[in-house]
Amino acid sequence: MFRKSLLLIVASILLPASMASAASTLTFSSTGDSAYQLQGVDLPGVAGFDITLTYDAAVLSAPQVAQGPLLSGAMLAVNPNMPGIVRISAVTLSPVKGSGQLLTATFTRRSGGAGIQDLSARLIDVSGKPLQAQVQLAVGPGTENESVPSDSGAHRETASGGLAPAVGVALPGG
C-alpha cells in the first residue's frame, strides 16, 4: 500500500511537468513576401535551441536571421552558408520562459513558389535535458499549419510534397 501511494505521489509531481513541456509550440510563419518569424508559445525554461530551416534555393537566397525579443541577451549563431539550409543555434544563461518572438528570417526572393520547405528544432533546459515542443510550419498562402513534436522522429509532408524529417540535430555537448 505504501509503495502504491508513493508511486501516485511521484506520478502526480512528474506528470504536470511533462504535460507542460508538451504544450510548448514553435511556429514559423510568413510575415511578408520573403520575411518570416519564429514564435515560441508556453516555453518552459529553454536554455538552448538548435534549429534547422530548409528552403528551396531556386526560390529564396541570401538568408539573414535576427534575434527576436524573447531571445534578447542570448548568444545566437547562424550558419547560412549551405544553399537551401540555415542552421541556427541559441544559448542563454537565463532560460527562455513564456511566449513571444524568438527570431526573424528574411530572404531575397528569386522566383515564385513555396520557398520554405521544413523546420526542425531541438530544445534543451539548463541541465541539458531535451524539452518537448510542437513545431508548426505555417508559410505561403493556403498552407495549413503542419504540426509534429520537435523530437518525435516523425516525418511530415512539406509544401513541395516531399517528406522531411521533423527532428533536429543535438546541440554540441548535449
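Author: Of the 174 residues of the protein chain, 39% count as buried, where buried means under 20% relative accessible area, exposed over 50%, and partly exposed in between (1.4 Å probe, protein chains only). This is a predicted model, in which local features need pLDDT of at least 70 and side-chain atom pairs count only at pLDDT 80 or more, while totals for chains, interfaces and linings use all residues. Residues are numbered from 1 along each chain as its sequence is written, and side-chain values use heavy atoms, with hydrogens and water left out.

Reader: What does the accessible surface of the protein chain come to?

Author: The accessible surface is about 9,100 Å², and 60% of it belongs to carbon and sulfur atoms. Such areas come from the Shrake-Rupley method with a 1.4 Å probe; for residues, only the protein chains shown count as cover.

Reader: Which residues touch the most other members of the largest nonpolar core?

Author: They are F28, F49, L102 and I116, in a core of 33 residues. A nonpolar core is a set of buried Ala, Val, Leu, Ile, Met, Phe, Trp, Tyr and Cys residues joined through side-chain atoms within 4.5 Å. The elements giving two or more residues to this core are β1 (25-30), β2 (35-55), β3 (60-67), β5 (85-109), β6 (116-124) and β8 (134-138).

Reader: Let us stay with F28. What is it in contact with, leaving aside neighbours within four places in sequence?

Author: The contacts of F28 include Y36, L53, A105, I116, L119 and L137. At 2% relative accessibility, F28 counts as buried.

Reader: How many aromatic pairs does the count come to?

Author: The count comes to three aromatic pairs. Rings of Phe, Tyr and Trp (its six-membered ring) pair if their centres lie within 6.5 Å; planes under 30 degrees apart count as stacked, over 60 as edge-to-face and the rest as tilted. The rings of F28 and Y36 have centres 5.4 Å apart and planes at 15°, so this pair is stacked. For Y36 and F107 the centres are 5.9 Å apart and the planes at 80°, so that pair is edge-to-face. The latter pair links distant parts of the chain, since Y36 is in strand β2 and F107 in strand β5, 71 residues apart.

Reader: Which residues do the ring pairs link into a cluster?

Author: The cluster consists of F28, Y36, Y55 and F107. Both Y36 and F107 are buried, Y36 with a relative accessible area of 4%.

Reader: A change of topic: how many salt bridges does a search of the whole structure find?

Author: The search finds one. A salt bridge is a side-chain nitrogen of Lys or Arg within 4 Å of a carboxyl oxygen of Asp or Glu. Here D50 pairs with R87, and the closest N and O atoms are 2.8 Å apart. D50 lies in strand β2 and R87 in strand β5, so the pair ties together parts that are 37 residues apart in sequence.

Reader: Are these two partners buried or exposed?

Author: D50 is buried, with a relative accessible area of 1%, whereas R87 is partly exposed, at 30%.

How values were computed:
Helices (H or I, at least four residues) and strands (E, at least two) are DSSP runs, numbered from the N terminus. Contact means heavy atoms within 4.5 Å.
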